[in-house]
Amino acid sequence: MITTPQIDVVAIGPELVLVGSAIVVLLVPVVWRGLAHVAVLGLSLAGVAGALVASVLLWNREGEPTALAGAVAVDRFGVVVRLLLLVIAAIGLVYGHHYFERSDEWRAEFYALVLLATSGMTLIAVAADLIVVFLALEILSLALYVMTGLSSRLGSVEGAMKYFLLGAFSSAFFLFGVAMAYGATGSTSLASISRALAGATEGVALALAGMGLLAVGFAFKVSAVPFHMWTPDVYQGAPTAVTAYMSAATKVAGFAALIRVFNVALQPLAWDWRPLVWALAAISVVVGSVLAIAQTDIKRMLAYSSISHAGFVLTGVVAAGETGIRAALFYLAAYAFTVLGAFGVVMLVSARGELRTTLASYRGLGRRSPLLAALLALFLLSLAGIPPTAGFVAKVYVFGAAVDVGAWPLALVGVVASVVAAFFYLRVIVLMYMQEPEGVAETDETVLPRLAVSVPAFAVLALGVFPGLIAGFLDRAAVLRW
Amino acid sequence: MPWLTIVIFLPLVGIPFLLWRGLSDAYAKWLTLSVMLADLAFAVGALAAFDQSASGYQLVEQVEWVSSVGLSYLVGVDGFSIWLVVLSAVMFPIGVLSAWGVTHRVRELMALTLGLQTVVIGAFCALDVLLFFVFFEALLFPMFLIIGIWGSARRVYASVKFFLYTMLGSAFILVGLLYLWAQASQQFGQGSFDIRLLEQLSLSVGEQRWLFLAFFIGFAVKVPVFPLHTWLPDAHTEAPTLGSIVLAALLLKAGPYGMLRFNLDLFPEAARYFADAIAVLALIGIVYGAIVAMMQTDVKRLVAYSSVSHMGFVVLGIFTLTSEGTSGAVIQMVNHGLSTGLLFLVVGILYERTHTREIADMGGLARVTPGIAAAFLVASLSSIGLPGLNNFIGEFLVILGAFGSNRLFGAIAVTGVVLGAVYMLWAYQRTFEGPPVDRWRGIRDVLPREIAAIVPIVALMVVIGVYPKPVLERIDPSASGVVRWVRAVETDQEGLPGGIRAEVQPSYRPPPEAQTVGPG
């Protein structure tokens, strides 16, 4: 007999609101043809706000650690990740609205896709069963493939195709990993896998193989070396607004799932996965930082920088447990705001289409547009980890977590790589401030996206000067319930 | 009264006004100067509130910053740092006066300089290791922009080199201090960056030595200690006069100050272990810097290399591990700030008129510009340690300390003084004496605003040179305290159990509850 699980809608309230508003956003412009574009943006933002409220309601929820027959976890880790993802989505929506309006490619699908992708991401952050993780992974990936190809430029379509093909491969790896984990433990629920693995002596080989394949799937999503090949092409090809959203949100969601799977289901294998994560982290920071030096396009440069930042988050993950989770969460928040802001400025500088994304087009920006140059400088400093920005505090957090568990060589690799990385961030600042502008270039003076860019700027400074603002929440969110 | 917090953050008050586009350049300069003079007043107030007889940290202020990781806003000064704070407050307004002739993006320059002042003074006051690191690292960006935007021909190269070089050095400090934090969280059950707690840690000999090296490399780049000095000539030469003054007078001091504060305090055993090796590096720096300075054809580069030589004295003084040497090193930091600051100021004034820095192009300028020549001569004489001027007392103490620790060190250090006299006086002779060059016949002598910048430095040089007692008697308790601390465990070969350190502790630092000696 099949027992129907109790349906607890509150536990997946944010996801329901997001999917619901995605459907509304898709249908309303069809029914009401003359609807202003701004109204569609407003509807989507309302959906995000509703999901925010639904997430906050879960903050103080006690009782069962999982809901819906063990499918989703109910914990503060999930709430914090959801809030972060929803803020990213809101800013991404504003960017995208402006971007597609500007290039006369406006479509209502964009808003629905962002909402759907976000629903997949928030779901993956709380997924407590490997099947749900896979489901959420597919929801978010499919939406992202389409968003990458939303523009009719060749690069955009090419990027989408690459992303899709390689993404399909990685999903297959992930699914294979799920199958192996099931084979080893007889369950796909994270909690049951953990219990089965604890003290298990037989079948560990199968579990280890499963762990490796799951790691491949996650490493692809968060673009860690050597599964990073898609990142530069996709970041460069996708419409800049989509890149902004994707680079911030995918990383947060991918790492949230990785952290939960590795710290719950695979926690008994921690001694086995630590060296693996260690190696991924070290290779990612080095390769990402070194390859970024050779780039001449700012979007590509930021793509390689995102690879090295995946390595920095992994440095925190190595620490496992509460310290590691807290460090990784802070890093993700700092990185998400920084990279959202950086791509936002790139979008405004490149004005209409993707014409000016070469590094050379930043020459003399400090003269042409002091505000944008100052904002970009702030974001680049945060990426480089210079105080008083969020990026610095985040680096202290992850390196501190790594040193705390004795992984100081990894921290050493990390700090040296961040000096290498500082070189290419500085190069952009040199171009902006120490060289004179060439010719007259139009800059985008629209107010709304400028406001949207100043939100991350404010966050980067606030978290850099007063990390205590969110440190308290992160401390309480660093405990995974299962 | 929270003296230090005011001194640290007062300069920031000027920045919002400077961001206003309507502000004229002249007002921007006056505004910056008045903010800095107000800051100087508070720095003098802090000096007055400083109790000269105590050896521990004074004027301590502590506010929780991120409580869950044990990070706090913790500032305080002792006999070392109070002087560096005062020196910073003196040299920044002088730097601004030197930049009075700048016409390119004045508001931005002034805003960056104010920001730089906050982080420089903050670095000298921080007693929380991470807070120190925040300030130490935050120095880089404003200085990078000042060199890169307002510098001369190869400014971009010099600024990037300066930034990356220093950042690489401090990367090791970051790992080292995180290691200390992790040790604290194991040994005390709560991670901390408070130096007063970290010095109680018991670390194995091996740990101490590695950590010492991590911190030392970071600070050695900043000093700079030979062979990590190659960024310095480029940065100093390409920087605008304001940048050179701040860089030479203040930023370089963060290096030896860091060694004194952190290397000696946290790793006393390692400090003794490495002392001779570092002293040798310092001596190489003294002689090498002097010889290379002699060979320079560019007068600004000459002054830059003279810094390598003079900073060698400071490092030598610290690692003689004698109280004379340490006191000498601290007063020498102040002296070098004054004399090299004045040298860069004068070279800058000269460059504004002649647009050349080549010594060969000048000559006979003493006839045309007697005022500039006099200032350069005073700075040179101070720099070579003429008795009656400030450097004499510092170099004397350092050499005394060096003889105390190893006669050979003392003997080599003395040759540095002799070589210093050669390159400085030779430079003076080639630049200002001899037959006048026709090209420079019409150039102006010192202007009133330049005199306003020169006179305070010369006055301080004479005061310290003639009557160094008020300075020295505030340095001495801290200097003998740190030397006693480093030497206290000399007999102990097997690491440093916390017990032994705790016994030495009270004589050096007052117990935590008595630490706020400040006036109210």
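A: Contact here means heavy atoms within 4.5 Å.

Q: Which residues of H4(B) meet which residues of H21(B)?
A: From H4(B) come B:Val90, B:Met91, B:Ile94 and B:Leu97. Facing them in H21(B) are B:Arg449, B:Ala452, B:Ala453, B:Pro456, B:Ile457 and B:Leu460. Sorted by class, this contact has 9 nonpolar, no polar and 1 charged residues.

Q: How do the axes of helix H4 and helix H21 of chain B cross, and at roughly what angle?
A: Angles over 145 degrees count as roughly antiparallel. The axes of H4 (residues 81–98) and H21 (residues 448–466) of chain B come within 9 Å and cross at roughly 155 degrees. H4(B) is therefore roughly antiparallel to H21(B). Their crossing is left-handed.

Q: At what angle do H9 and H12 of chain A cross?
A: The axes of H9 (residues 230–237) and H12 (residues 298–318) of chain A cross at roughly 140 degrees and come within 8 Å. That angle makes H9(A) and H12(A) oblique to each other. H9(A) passes H12(A) in a right-handed crossing.

Q: Which residues of H9(A) and H12(A) meet?
A: H9(A) brings A:Thr231, A:Pro232, A:Asp233, A:Tyr235 and A:Gln236. H12(A) brings A:Lys299, A:Arg300, A:Ala303, A:Tyr304, A:Ser306 and A:Ile307. By class, the contact of H9(A) with H12(A) has 5 nonpolar, 3 polar and 3 charged residues.

Q: How many residues of H9(A) are buried, and which are they?
A: Buried means under 20% relative accessible area. H9(A) is mostly covered, with 6 of its 8 residues buried. They are A:Trp230, A:Thr231, A:Pro232, A:Val234, A:Tyr235 and A:Gly237. These buried residues pack against several helices of chain A, including H5 (130–148), H6 (154–185), H8 (204–221) and H10 (240–265). H12 and H13 (321–349) of chain A are also among the helices they pack against.

Q: Is B:Thr340 buried or exposed?
A: B:Thr340 has a relative accessible area of 1%, so it is buried. B:Thr340 lies in helix H16 (residues 323–354) of chain B. Apart from neighbours within four places in sequence, B:Thr340 is in contact with B:Ala248, B:Val303 and B:Ser307.

Q: What is the phi of A:Leu68 and of A:Ala69?
A: Most residues other than glycine have a negative phi, and most peptide bonds are trans. A:Leu68 has a positive phi, near 55 degrees, and phi of A:Ala69 is positive and near 55 degrees. A:Leu68 sits in the loop between strand S1 (66–67) and strand S2 (72–73) of chain A. A:Ala69 is found in the loop between S1 and S2 of chain A. A:Leu68 counts as buried because its relative accessibility is 19%, whereas A:Ala69, at 66%, is exposed.

Q: What is the average pLDDT of chain B, and where is the pLDDT below 50?
A: Where pLDDT is low, the predicted coordinates should not be read in detail. Chain B averages a pLDDT of 87, and 94% of the residues score at least 70. Over residues 491–520 of chain B the pLDDT is below 50. Beyond near neighbours in sequence, this stretch has 62 contacts in the model.

Conventions. Residues are numbered from 1 along each chain as its sequence is written. Chains are lettered from A and ligands numbered from 1 in the order in which they are written. This is a predicted model: local features need pLDDT of at least 70, side-chain atom pairs count only at pLDDT 80 or more; totals for chains, interfaces and linings use all residues. Side-chain values use heavy atoms; hydrogens and water are left out. Axes are lines fitted to C-alpha atoms, for helices over the stretch in contact, and angles run from 0 to 180 degrees between N-to-C directions. Helices (H or I, at least four residues) and strands (E, at least two) are DSSP runs, numbered from the N terminus. Angles under 35 degrees count as roughly parallel, over 145 as roughly antiparallel, 65 to 115 as roughly perpendicular and the rest as oblique. A crossing is left-handed if the near helix is turned anticlockwise from the far one by less than a right angle, and right-handed if clockwise. Ala, Val, Leu, Ile, Met, Phe, Trp, Tyr, Cys and Pro count as nonpolar, Asp, Glu, Lys and Arg as charged, and the others, Gly among them, as polar. Buried means under 20% relative accessible area, exposed over 50%, partly exposed in between (1.4 Å probe, protein chains only). pLDDT is the predictor's confidence in each residue, from 0 to 100.
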